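Hi,

Here is the structure I promised to pass on. Have a look at it first, and my notes on what turned up follow below.

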Amino acid sequence: MMTERFDCHHCEESLFGKKYILREESPYCIGCFEALYASTCEECGKPIGCDCKDLSYKDRHWHEACFHCSRCKSSLVDKPFAAKEDQLLCMDCYSYQYSSKCQECKETIMPGTRKMEYKDSSWHETCFICHRCQQPIGTKSFIPKDNQNFCVPCYEKQYALQCVQCKKPITTGGVTYREQPWHRECFVCTACKKPLSGQRFTSRDEFAYCLSCFCDLYAKKCAGCTNPISGLGGTKYISFEERQWHNDCFNCKKCSLSLVGRGFLTERDDILCPDCGKDI
């Protein structure tokens with residue numbers, strides 16, 4: 001009785017009594033399988049035979065003994081590693097060669113750990129702290145000054161100008177009056193409390209007033225119309241025996257003739273032109 005042949009699918013040599021490998025249901029002798037399908041080791045360039053472990057990473061293959069750190073040569077089998085520019089590195093070598101150094105403690109920031117970065121500098125998350133209160137800044141806003149970082153409250157306490165009125169920090173804008181800083185909303189008329197920022201104002205005894213309040217409180221009153229004579233903006237007025245008149249109000253009581261630059265007579269609180277006063 002004839003026995004069915006059992007041959008290598010590639011070289012057709014008989015496989016009876018020999019080791020073989022099935023690939024896609026076809027048998028191959030060891031030599032043919034390794035020649036056709038064995039991976040080439042990235043490290044030594046030799047085929048990875050059937051009797052060896054084939055360790056692979058991103059379509060690259062190594063013998064188990066060749067799978068080591070490119071820098072210190074320690075084995076990477078069953079250990080964490082990093083790939084950089086086609087090189088495999090153990091975590092210690094990778095950190096030494098490529099990881100950032102913490103600006104605060106000067107230690108390596110290990111891969112996979114959280115870090116803070118600002119202007120080409122790096123910190124461990126726990127080392128990125130406010131210079132004043134020593135508390136971690138985390139993801140909160142901060143202000144750098146003189147190579148040191150401050151949380152916003154500490155920066156305001158240490159460096160921000162304080163408003164003369166409310167004593168709180170001025171973080172944006174502000175008004176300077178008599179070389180002292182004010183919040184815009186705090187710089188108000190001493191009398192009516194209306195904001196003076198962007199408005200014309202004047203002062204008395206170092207207190208600021210809007211023009212309306214200043215005139216009401218301190219300006220001399222016109223003897224003719226009784227309204228204030230502000231003297232601001234070039235207003236002209238006439239003064240006589242402790243009384244004042246607006247130029248337009250300095251008129252004869254009887255005929256209303258303007259007496260500016262003319263002679264005049266007085267009758268009690270009234271002023272008269274010479275013609276109206278000749279019968280006094």
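E117 is exposed, because its relative accessibility is 56% (exposed means over 50% relative accessible area, buried under 20%, and partly exposed in between, with a 1.4 Å probe and protein chains only). Its partner is K115: the two form a salt bridge, with the closest N and O atoms 3.2 Å apart. By salt bridge I mean a side-chain nitrogen of Lys or Arg within 4 Å of a carboxyl oxygen of Asp or Glu. K115 has a relative accessible area of 35%, so K115 counts as partly exposed.

Before going on, a word on what you are looking at. This is a predicted model, in which local features need pLDDT of at least 70 and side-chain atom pairs count only at pLDDT 80 or more, while totals for chains, interfaces and linings use all residues. Residues are numbered from 1 along each chain as its sequence is written, and side-chain values use heavy atoms, with hydrogens and water left out.

Back to the charged pairs. Side chains of opposite charge can pair when their charged atoms come close.

- E125 and R114 meet through their side chains at 3.6 Å, N to O. This pair links distant parts of the chain, 11 residues apart: E125 is in the loop between β8 and β9, and R114 is in the loop between α2 (91–98) and β7 (115–118). (Helices are DSSP runs of H or I with at least four residues, strands are runs of E with at least two, and both are numbered from the N terminus.) E125 is partly exposed at 29% relative accessibility, whereas R114 is exposed at 58%.
- E267 and R268 also meet in a salt bridge, at 3.8 Å, N to O. E267 has a relative accessible area of 26% and is partly exposed, while R268 is exposed at 75%.

R268 is found in the loop between β21 (265–267) and β22 (270–272). D146 also has a positive phi, near 55°, and is likewise not a glycine. D146 sits in the loop between β9 and β10, and at 58% relative accessibility D146 counts as exposed.

Now the pockets. Rolling a probe the size of a water molecule over the atoms shows where empty space is left. Here a pocket is an open set of points on a 1 Å grid over the protein atoms alone, where a 1.4 Å probe fits, with protein on both sides within 12 Å along at least five of seven lines; lining residues have an atom within 4 Å of a point. Grid points are joined across faces, edges and corners, and a volume is the space filled by probe spheres set on the points.

The largest pocket has a volume of about 400 Å³. Which residues lie nearest its centre? They are Q103, W123, N147, Q148 and N149, out of 18 lining residues. β8 (121–124), β9 (142–145) and β10 (148–151) each give at least two residues to that lining. By type, the lining has seven nonpolar, seven polar and four charged residues (Ala, Val, Leu, Ile, Met, Phe, Trp, Tyr, Cys and Pro count as nonpolar, Asp, Glu, Lys and Arg as charged, and the others, Gly among them, as polar).

The second largest pocket holds about 270 Å³ of space. It is lined by 15 residues, and Q165, W182, T190, F207 and A208 are the closest to its centre. β14 (180–182) and β16 (207–210) are the elements that supply two or more residues to this lining. The lining of the second largest pocket splits into nine nonpolar, three polar and three charged residues.

Finally, the layout. The chain is divided into domain 1 (20–87) and domain 2 (97–159), with bounds from an automatic or database domain assignment. The C-alpha centres of domain 1 and domain 2 lie 44 Å apart. P111, in the loop between α2 and β7, is 29 residues from A82 in sequence and 9.0 Å from A82 in space, C-alpha to C-alpha.

Cheers
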